[in-house]
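Reader: Hello! Could you take me through one part of this model in some detail?

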Amino acid sequence: MSITINLLPWREQQRERRTRRFYHLMVVMLLVGAGLGWGIAKFYAAQVAAQQQRNAFIEAQARELTEDIGDLERYQTDALRLGEQLVLFQTLQTQRASTVELFNALAGSVASGVVYQQVSRSGAQVSVEGVAASERQVSEQLRRVADSAALGVPSLSEVESDAEGSGRQFRFDVEQPSLATPAEEQP
């Protein structure tokens with residue numbers, strides 16, 4: 001007698017079980033892969049968000065520093081302008097006393113019959129234009145200017161008859177020693 005065992009249904013069940021196990025394993029792997037992908041995506045999104053926050057902070061700091069640099073440049077410009085104004089005010093203060101001294105010296109040295117028409121100053125150099133009735137009065141005027149302690153020796157640059165022919169127009173230059181710098185005083 002021979003016993004015949006039919007293993008076909010058992011193999012069929014085994015095959016179905018292995019196929020089901022494979023599909024279950026595939027679904028589990030698919031879910032694990034999707035979960036892992038989602039986790040990595042969230043991690044990268046969090047990293048990107050953190051980097052964007054850092055970038056925004058750095059940009060805000062850069063803007064503040066740029067504004068501070070602009071403010072500093074404006075402060076430096078204002079400081080330079082104020083320094084220039086201070087030098088100008090000091091110069092004007094110094095010149096105020098020397099201008100008074102100049103006009104006192106010129107007024108004290110005016111000879112009789114002489115009229116100053118124009119007085120101009122450039123640094124320590126003073127130019128004077130005037131009218132006198134005669135050449136003798138022009139000479140007297142130049143002597144009086146030379147004798148003044150506040151003025152140097154005058155240099156006559158021109159003498160001519162005035163338009164009416166009744167007097168002499170003259171022009172002379174003189175240095176105001178109180179305004180001369182040490183370099184100008186040396187020959």
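In which helix is Trp10 found?

Author: Happy to! Trp10 is found in helix H1, which covers residues 8–109; helices are DSSP runs of H or I with at least four residues, numbered from the N terminus. A word on the basis: this is a predicted model, where local features need pLDDT of at least 70, side-chain atom pairs count only at pLDDT 80 or more, and totals for chains, interfaces and linings use all residues. Residues are numbered from 1 along each chain as its sequence is written, and side-chain values use heavy atoms, leaving out hydrogens and water.

Trp10 is partly exposed, at a relative accessible area of 47% (buried is under 20%, exposed over 50%, partly exposed in between, with a 1.4 Å probe and protein chains only). Together with Ile3, Ile5 and Leu7, Trp10 makes a nonpolar surface patch of about 470 Å². Patch residues have over 30% relative accessible area and no salt bridge; nonpolar side chains (Val, Leu, Ile, Met, Phe, Trp, Tyr) are joined within 5 Å, like charges within 9 Å. Areas come from the Shrake-Rupley method with a 1.4 Å probe, and for residues only the protein chains shown count as cover. A salt bridge here is a side-chain nitrogen of Lys or Arg within 4 Å of a carboxyl oxygen of Asp or Glu.

Helix H1 also holds Arg17, which is partly exposed at 39% relative accessibility.

Conventions. Helices (H or I, at least four residues) and strands (E, at least two) are DSSP runs, numbered from the N terminus.
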